[in-house]
Every structure is written in C-alpha cells, then in structure tokens.
Amino acid sequence: MLRRLRSTAALLVGASLALTGCAASDQGGGVASVSQVANDSAYRGVELNPEWQRPSFTLTDQTGQPYDFKARTTGVPTILYFGYTHCPDVCPLIMGQLSAAIDAAPKDIRSKLQVVFVSTDPVTDTPPVLASYLSKFDGALPVKYVGLTGDVASVEAAQSTTGVPVAEDGGKTHSTMAIYYGTSNEAHVAWLANTNADDIGHDLPIGVK
C-alpha cells in the first residue's frame, strides 16, 4: 500500500520528515512519519518539489583524504545518505536496497552512479570503520561507495546544508532519506528506508538527469 502512494517534498521538509531512531524496536519503527498524498508523480519514491540542489561540503573519506562532495560529484548521478555503521536496522536496510537497485540498473547508470554515505556518528565511524562497512554493500558494483566522516560540527553542517534535520542522540536519530542527485545537480526524488529495490530501480532512470 505504502509503495503505491506518492509524496511531495513540501510535505516532508519539516522536522517530522526524517528524524528516525535506528533502534526500530525502541523507536516505534525505523521509518519516518510521512504525510502521504496520491498524485501523478512519475516517481515511486518521495518526489522533491521544488527540487533540491546538490550541496557543498568537505569531509574526510574512508582513505583519510579530504573529499569535496560538490566538486567530486558534480555532473555525476549521486545518492547521498546520512547514517552510521553500527545502526542495527534502518541503515543496512536502505543500503542493501540501494545496492540491489543499482546492481540491476541499466549499464549507463550502474557504471556511473556514486553512493556517498556520511556518518552521523563520526566519533565511532573512523575512515577504516567506514571502509570495512561499505565493502559489505558495494562489492559487486563497478563504482565503489564513498564514506565520509569528520568532526561533529562539520558533519552537522553537512546535514544542514543538504537540507535534512541534524541527527540527534549521538547520531543515532537521523534522517532516513537517500537523496538522488542527477547529472543536472538537482535532486527530484528521495527514498526512505521502507522503499524497496524495485521502486528505487524504477526511479533511477527517471531522476538521472
């Protein structure tokens, strides 16, 4: 039922959109509360209307090097997600769905699409921890995932400039949106943790430009 409903970002941008505790059993489920409206959206995920612009921030990647998100991904279809590596449910769920969708995507998308995972618990998620975590998801993909960390203030600034609520509870309550930027550097769709791989795969070609 939920997959058939379409949402508009105008209903989502508020704080109720996406601050979700990853300990689903303690937080009433791992999916953000989202107002749903039936519409004629081409997307099965959450349509962002107006579109979101690709943000600019620099953090440290899993190799320990500075990573300028906007400079490195401009013109590249990119999925941006904020989470943490020891999340027991929501983060591995959405990361697994993304990987399955990308693995099944048309070659021209699969060969270019970049996933960037930004830790909301940078104290725990050091570059080596991120590298180990992401290797569980991108092993079969031609473009390896990028993991970013940094000091808490820089990570919080990255969330703010992206437009998602800043994580709370040491990073454990965070946005569940996986935001998809096309080659135009605009994001027209995002997916929540309850979006399955088929629906993500449906949206990938539509939002790629």
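Tutor: A salt bridge joins the side chains of D199 and R44, at 3.2 Å from N to O. This is a predicted model, in which local features need pLDDT of at least 70 and side-chain atom pairs pLDDT 80 or more, while totals for chains, interfaces and linings use all residues. Residues are numbered from 1 along each chain as its sequence is written, and side-chain values use heavy atoms, without hydrogens and water.

Student: Why is the pairing of D199 and R44 called a salt bridge?

Tutor: The term requires a side-chain nitrogen of Lys or Arg within 4 Å of a carboxyl oxygen of Asp or Glu. The N to O value for D199 and R44 is 3.2 Å, so the pair meets the definition.

Student: What makes D199 count as buried?

Tutor: Buried means under 20% relative accessible area, exposed over 50%, and partly exposed in between (1.4 Å probe, protein chains only). D199 has 1%, so D199 is buried. R44 has 30% and is therefore partly exposed.

Student: How many salt bridges does a search of the whole structure find?

Tutor: The search finds 2. D103 and R110 also form one, with their closest N and O atoms 3.0 Å apart.

Student: Why is D103 called partly exposed?

Tutor: Its relative accessible area is 39%, so D103 is partly exposed. R110, at 23%, is therefore partly exposed as well.

Student: Which residues does L204 contact, leaving aside neighbours within four places in sequence?

Tutor: Contact means heavy atoms within 4.5 Å. Among the contacts of L204 are I79, Y180 and W191.
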